[in-house]
Amino acid sequence: MEEVPHDCPGADSAQAGRGASCQGCPNQRLCASGAGATPDPAIEEIKEKMKTVKHKILVLSGKGGVGKSTFSAHLAHGLAEDENTQVHQSGSGWSPVYVEDNLGVMSVGFLLSSPDDAVIWRGPKKNGMIKQFLRDVDWGEVDYLIVDTPPGTSDEHLSVVQYLAAAHIDGAVIITTPQEVSLQDVRKEINFCRKVKLPIIGVVENMSGFICPKCKKESQIFPPTTGGAELMCQDLEVPLLGRVPLDPLIGKNCDKGQSFFIDTPDSPATLAYRSIIQRIQEFCNLHQSKEENLISS
C-alpha cells in the first residue's frame, strides 16, 4: 500500500511533487511532471470523448483480495439490468468486448498474447494505456462507466483522476472486508480521495459474514474485531452503502463469466447487491441534477 503523505499538497497544486511532504512519496515524480506544466491535451480529448457517458464511477480498495473486481463486475451486471440503460452505438476507435448488448468490457488482458502473460510495465506505459482506454475506446452512448482500479493509491489512480477531472467523475465506491487489516488501508484510501477531491459515494463491506444456505445460521469468517466498516464509516463520516455476505455461488458464477443475480435472485448476497446498486444510482442521479442546476444557474 502506497500511502499519501499526511500534508500532501494535492495533484493539482503548483507544489505537487515539489513540497517538503512529497519527499519519499512513490507518486512524487508523476506529480512533479504535471505541476506547472502545459496541460496534457489528452485531458480535453477525453472530456470530449466522455460526453456520451453519463456517469463515471471508480471502484477502489486499500488492499488486494477484498473482492473489488468481483464487485465491479456485478455492479456492471446490476446496472445493465436497468431497461433504461442505453445500448452502445458503434463508431470509431477500439471496440469493447460485449458480454451483453448493453454491457461492454475493456481490459489490458484482451491485448495480451496469452492469458498467462504478465504485465511488466513501468508507470509511463501504464499511464499511456489508461489514456488510450479513456480516449480511444468507442464507448458510445452509455449510462455508466465503471473503472476497476488496482489496489492502493498509485500512478494509475492519479492518472485516472487527472484524465477524468474535466469530464466529471461521479465518485468512488470503496471496497473493504470487515477485519482491521483491510480497514487500515481503506482509511488511507479515503484520505487519498479527499486529497485529490474525488467524491466518495460510499463504502461496501464485502465478505461480511457467511449465511449457511441450509440452516440459515450466520458465521463470521472475517470477524470485525474493531467494529468493521460500520464503525469506521461513522468515525470518518462516509456513507456505508451496505454489506455483502459470502456466497459460494458468487465465485462459481464468476468462473463462468456470469452474473449470479439470475441464478439466485433471493439470496442474501443478491438482495444486498441490489440495495447497494440502488443507492449508487441514487447518488449518481443526485450528482447529475446538481451539475445541471449549476450549469443552468
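Tyrosine 273 is buried, with a relative accessibility of 1%; buried denotes under 20% relative accessible area, exposed over 50%, and partly exposed in between, with a 1.4 Å probe and protein chains only. The model is predicted, so local features need pLDDT of at least 70 and side-chain atom pairs count only at pLDDT 80 or more, while totals for chains, interfaces and linings use all residues. Residues are numbered from 1 along each chain as its sequence is written, and side-chain values use heavy atoms, with hydrogens and water left out.

Five aromatic pairs are present in the structure. Rings of Phe, Tyr and Trp (its six-membered ring) are paired if their centres lie within 6.5 Å, and the planes are stacked under 30 degrees, edge-to-face over 60 and tilted for the rest. One of the pairs is stacked: phenylalanine 71 and tyrosine 273, at 5.6 Å centre to centre with 20 degrees between the planes. Because phenylalanine 71 belongs to helix H3 (residues 68–80) and tyrosine 273 to helix H9 (residues 268–296), this pair ties together parts 202 residues apart in sequence. Helices (H or I, at least four residues) and strands (E, at least two) are DSSP runs numbered from the N terminus. Phenylalanine 71 is also buried, at 1% relative accessibility.

An edge-to-face pair is formed by tryptophan 94 and phenylalanine 133, at 6.1 Å centre to centre and 65 degrees between the planes. Tryptophan 94 lies in the loop between H3 and strand S2 (97–100) and phenylalanine 133 in helix H4 (residues 123–135), 39 residues apart. Tryptophan 94 is partly exposed at 30%, whereas phenylalanine 133 is buried at 16%.

One aromatic cluster comprises Phe71, Phe260, Phe261 and Tyr273.
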